[in-house]
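Okay, thanks for making time, everyone. Let me put the structure up and walk you through a few things in it.

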Amino acid sequence: MIIDFHVHTFPDAISANVLAKLSRMSHTEYFTDGSVDGLTASMKEASVDYSVNLPVMTRPDQVEKVNSALIQQKEALARQGILTFAGMHPDYDNYKQELLRIQQNGIPGIKIHPAYQNTAIDDIRMMRIIDQASALGLIVLTHAGVDIGIYDRNYASVGQILKVIDEVHPAKLVLAHMGNWGCWQDVERDLAGADVWLDTAFAIGPITPDRAHSGTPYLSDNLSDDAFVRIVNKHGADKILFATDSPWESQKDYVQRVDRQKLTPRQKELIFSANAAKLLGLAHV
């Protein structure tokens, strides 16, 4: 069983433009066309059983419209092995009611992205969203660390995340990109062992440059295999979630990257599926 806890899909009408824009920003390649069909084909090739779809709200006026569409699509997506989260934006005023609507409609969690939303994770607007979502039993998955396409500032540093943990005590906080992309020493020294989940998305192995344009990524600072294993062992394999960041990584290749790590069979079982199944409440997995 393999559960990919961090993927993105986009409506067919905009997926090509979205991927082209983000690829230019990050100078990195994408591996599906960003559609649901593209993801399901990738899952089949990689033997991934479930993927968790994470919408990113870049404007507050997107929140209700996008979440409503995802609520309507939830069952159809689930039949294809795609479990969708909802999204939230720190400038969306009606966040309490919207989080309740998300929970009442059976969506298990929300995605926030401090960098794309130009708001630090320890800003009061972010912390109140995390606090309210936690009170409703929702998972909160946040981008953590530098963003490869927005590289001038870290909106969710280890220090800021530790402040959120200390002040909000979120029950189900997932930190993407092994806790803080590009800031691996801080993760290993200060964050590993905290009561949060880390996902493996876009954190291990080589970064593929955008083949359509000249140049290489401005930043190329993924974890070495040795550093990845050290962080897993210090943090605990029971709090690590397999994730790829598809379409920004090949799911098939990423399964192989994690599988080759010097971890025990039980650690790999936890990372590939057992932890995610527990967090998502998938009793049948």
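So, which helices each supply at least two residues of the lining of the largest pocket? That would be α1 (12–26) and α3 (63–79). Helices here are DSSP runs of H or I with at least four residues, strands are E runs of at least two, and both are numbered from the N terminus.

Quick housekeeping first. This is a predicted model, so local features need pLDDT of at least 70 and side-chain atom pairs count only at pLDDT 80 or more, while totals for chains, interfaces and linings use all residues. Residues are numbered from 1 along each chain as its sequence is written, and side-chain values use heavy atoms, leaving out hydrogens and water.

Back to that pocket. On a 1 Å grid over the protein atoms alone, a pocket is an open set of points where a 1.4 Å probe fits, with protein on both sides within 12 Å along at least five of seven lines, and lining residues have an atom within 4 Å of a point. The largest one holds about 1200 Å³ of space; that volume is what probe spheres set on the points fill, with points joined across faces, edges and corners. It has 43 lining residues, and the closest to its centre are Thr9, Phe10, Val18, Pro55 and Val56. The biggest contributor is α1, with seven residues. By type, the lining has 22 nonpolar, 14 polar and seven charged residues.

Take the loop between β9 (240–241) and α9 (251–259), where Pro247 sits. The peptide bond from Ser246 to Pro247 is cis, with omega near 15°. Asp245 is in that loop between β9 and α9 too, and its phi is near 75°, positive although the residue isn't glycine. Is Asp245 buried or exposed? Buried, at 8% relative accessibility; buried means under 20% relative accessible area, using a 1.4 Å probe and protein chains only.

Met178, in the loop between β7 (173–175) and α7 (184–191), is another non-glycine residue with positive phi, near 55°. Met178 is buried as well, at 0% relative accessible area.

Last, the whole chain. It comes to ten helices and nine strands, and 59% of its 285 residues count as buried. Along its principal axes, the C-alpha trace spans about 45 × 45 × 40 Å.

Technical notes
Nonpolar A, V, L, I, M, F, W, Y, C, P; charged D, E, K, R; others polar. Buried < 20%, exposed > 50% of the residue type's maximum accessible area, 1.4 Å probe, protein only.
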